[in-house]
Amino acid sequence: MSTTTDHLENVFSDTSRSPLRPRPQVDLCRRGEIRAEKFLDAATEVFAEKGYQHARLSEIVARAGGSLATLYRIFGDKEGLASAILERRLDMHIHLLSDLNLTELPPEQALRRVAIRMAQVMARTDSQVVYRIVIGEGQSFPALRDWFLDHAVASIRATLADYFEQQVAAGRMRLASPQAAAAQFYMSLFGDQIFRLAAGSHHLPDVDTLEAEALASVELFLQGALPR
């Protein structure tokens, strides 16, 4: 792993730099922890359906069970709920490619693995909520938006750039800029879907369709569009 990726993970682990608001300090028994997870699951559904601004805490409580007082005690308010959802998602996002062992794989196999992994994550409801909040409603959360782009998204691009640099050095790829290629490859997979989510669309394709579209983008990236 390169020093670029190491630096990004060190920044991510430094919670003082994260714009996510910490949860209230409350002691929860096992039952309370289960209730907190139910609140988060219900909030994820409601945020996905209605967006952050139009989501009502009363509806979240109605779906999760429990009481509004308990929700406030655990999370503080709606923004606290959103931060807790994002915290779960951001941790997964920054480690998204860490277990794929890309270094030893040829480009065709490595990039297909990346595409399938990212399609599976993109299909998750909590992923859709993150993109809606940090991009679609980024004006309301500028610090969170900028931190997400500069650290969570950048960690994936750094992993890809490291891999591309290794492949260029080994003579298996020809790229003028591995860093630029990493950004282009990342956006080619799901740029259209992210745009739709940010615009408030609720009609994301299923995981099989997302995988097929991502694999098609891999082929275009590797082969290009012009005849050889």
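Guide: Contact means heavy atoms within 4.5 Å of each other. Helices are DSSP runs of H or I with at least four residues, strands are E runs of at least two, and both are numbered from the N terminus. This is a predicted model: local features need pLDDT of at least 70, side-chain atom pairs count only at pLDDT 80 or more, and totals for chains, interfaces and linings use all residues. Residues are numbered from 1 along each chain as its sequence is written, and side-chain values use heavy atoms, with hydrogens and water left out.

Visitor: OK, which residues in H6 and H10 meet?

Guide: From H6 you have Pro107, Glu108, Leu111, Arg112, Ala115, Ile116, Ala119, Gln120 and Met122. Their partners in H10 are Val207, Leu210, Glu211, Ala214, Leu215, Val218, Glu219, Phe221 and Leu222. By class that gives 13 nonpolar, one polar and four charged residues. Ala, Val, Leu, Ile, Met, Phe, Trp, Tyr, Cys and Pro count as nonpolar, Asp, Glu, Lys and Arg as charged, and the others, Gly among them, as polar.

Visitor: And at what angle do H6 and H10 cross?

Guide: Roughly 150°, with the axes coming within 8 Å; H10 covers residues 207-223. Axes are lines fitted to C-alpha atoms, for helices over the stretch in contact, and angles run from 0 to 180 degrees between N-to-C directions. H6 and H10 are therefore roughly antiparallel. The cut-offs are under 35 degrees for roughly parallel, over 145 for roughly antiparallel, 65 to 115 for roughly perpendicular, and oblique for the rest.

Visitor: Left-handed or right-handed, that crossing of H6 and H10?

Guide: Right-handed. A crossing gets that name if the near helix is turned clockwise from the far one by less than a right angle, and left-handed if anticlockwise.

Visitor: How far apart are the axes of H6 and H8?

Guide: They are 12 Å apart, at an angle of about 175°. That pair is therefore roughly antiparallel too. Pro107, Ala110, Leu111 and Val114 of H6 touch Leu160, Tyr163, Phe164 and Gln167 of H8. Seven of these residues are nonpolar, one is polar and none is charged.

Visitor: Gln167, is that buried or exposed?

Guide: Buried, because its relative accessibility is 0%. Buried means under 20% relative accessible area, exposed over 50%, and partly exposed in between (1.4 Å probe, protein chains only). Gln167 belongs to H8, residues 142-169. Beyond its neighbours within four places in sequence, Gln167 is in contact with Thr103, Leu105, Pro107, Arg172 and Met173.

Visitor: New topic. How many residues of H7 are buried?

Guide: Nine of twelve, so H7 is mostly covered. The buried ones are Asp126, Ser127, Gln128, Val129, Val130, Tyr131, Arg132, Ile133 and Val134. They pack against H2, H5, H6, H8 and helix H9 (178-198).

Visitor: At what angle do H5 and H7 cross?

Guide: H5 (residues 78-94) and H7 (residues 125-136) cross at roughly 110°, and their axes come within 10 Å. That makes the two roughly perpendicular. The crossing of H5 and H7 is left-handed. H5 brings Ala82, Ile85, Leu86, Arg89, Met92 and His93, while H7 brings Asp126, Ser127, Val129, Val130, Tyr131, Ile133 and Val134. That contact holds nine nonpolar, two polar and two charged residues.

Visitor: Which residue other than glycine has a positive phi?

Guide: Asn101 has one, with phi near 50°. Most residues other than glycine have a negative phi. Asn101 is in the loop between H5 and H6 (107-122), and is exposed at a relative accessible area of 58%.
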